[in-house]
Amino acid sequence: MKRLCLVLSAGVLLLSSCHKDIWDKLNDHEERIAKLEIFCNQLNTNINSLKSIVDVLNTKDCVEDVDPVMENGTLVGYRISFTKHNPITIYNGKDGRDGADGHTPVVGIKQDTDGSWYWTL
């Protein structure tokens, strides 16, 4: 019984000593997950906006206005208004690690001979 108490006491001491480190790492993950959620929402907005642009092209709609989107005093994208369609928001992307060595694919659309629009890379 004394050994069991000794082992349990040692376990409690061990866990309490690294308790702060564990919580710091958990908090770090929560912050990273929150940033990923924001990034995913912006990415989904961009994808939906690209689909809307295809619809705009098909209906020969016109751009009515372009407004900057600001967050905390920083330009993060643009809101594009059309004469017939709902406005869309396009968020700015980011270059590579240091801003110079990143490779960003050029995604576009092109109308084929069958009249349908296709994504290009």
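**Exercise 1. Which strands each supply at least two residues of the nonpolar patch?**

Before starting, note that residues are numbered from 1 along each chain as its sequence is written. This is a predicted model, in which local features need pLDDT of at least 70, side-chain atom pairs count only at pLDDT 80 or more, and totals for chains, interfaces and linings use all residues; side-chain values use heavy atoms, with hydrogens and water left out.

*Solution.* 
- Step 1: Find the members. V63, V66, M70, L75 and Y78 make up a nonpolar patch on the surface. Patches are made of residues with over 30% relative accessible area and no salt bridge, where like charges are joined within 9 Å and nonpolar side chains (Val, Leu, Ile, Met, Phe, Trp, Tyr) within 5 Å. A salt bridge is a side-chain nitrogen of Lys or Arg within 4 Å of a carboxyl oxygen of Asp or Glu.
- Step 2: Assign the strands. β1 (63–71) and β2 (74–82) each supply at least two residues, and β1 gives the most, with 3 residues. Strands (E, at least two residues) and helices (H or I, at least four) are DSSP runs, numbered from the N terminus.

**Exercise 2. Take V63 and S81: is each one buried or exposed?**

*Solution.* 
- Step 1: Recall the cut-offs. Buried means under 20% relative accessible area, exposed over 50%, and partly exposed in between (1.4 Å probe, protein chains only).
- Step 2: Start with V63, in strand β1. V63 is exposed because its relative accessible area is 51%.
- Step 3: Move to S81, in strand β2. With a relative accessible area of 13%, S81 is buried.
- Step 4: List the neighbours. Leaving out residues up to four places away in sequence, S81 touches C62, V63, E64, D65 and P87 (contact means heavy atoms within 4.5 Å).

**Exercise 3. Inspect the backbone of K60 and N72: what is the phi of each?**

*Solution.* 
- Step 1: Take K60, in the loop between α2 (19–58) and β1. Its phi is near 55°, a positive value in a residue other than glycine.
- Step 2: Take N72, in the loop between β1 and β2. N72 is not a glycine either, yet has a positive phi of about 55°.
- Step 3: Most residues other than glycine have a negative phi.
- Step 4: Check the accessibility. K60 is exposed at 68% relative accessible area, and N72 is exposed at 84%.

**Exercise 4. Which residues does Y91 touch, not counting residues up to four places away in sequence?**

*Solution.* 
- Step 1: Read off the contacts: Q42, T45, N46, E71, V76 and G77.
- Step 2: Compare sequence with space. Y91 and F39 are 52 residues apart in sequence and 9.9 Å apart, C-alpha to C-alpha.

Terms used: Accessible areas come from the Shrake-Rupley method with a 1.4 Å probe; for residues, only the protein chains shown count as cover.
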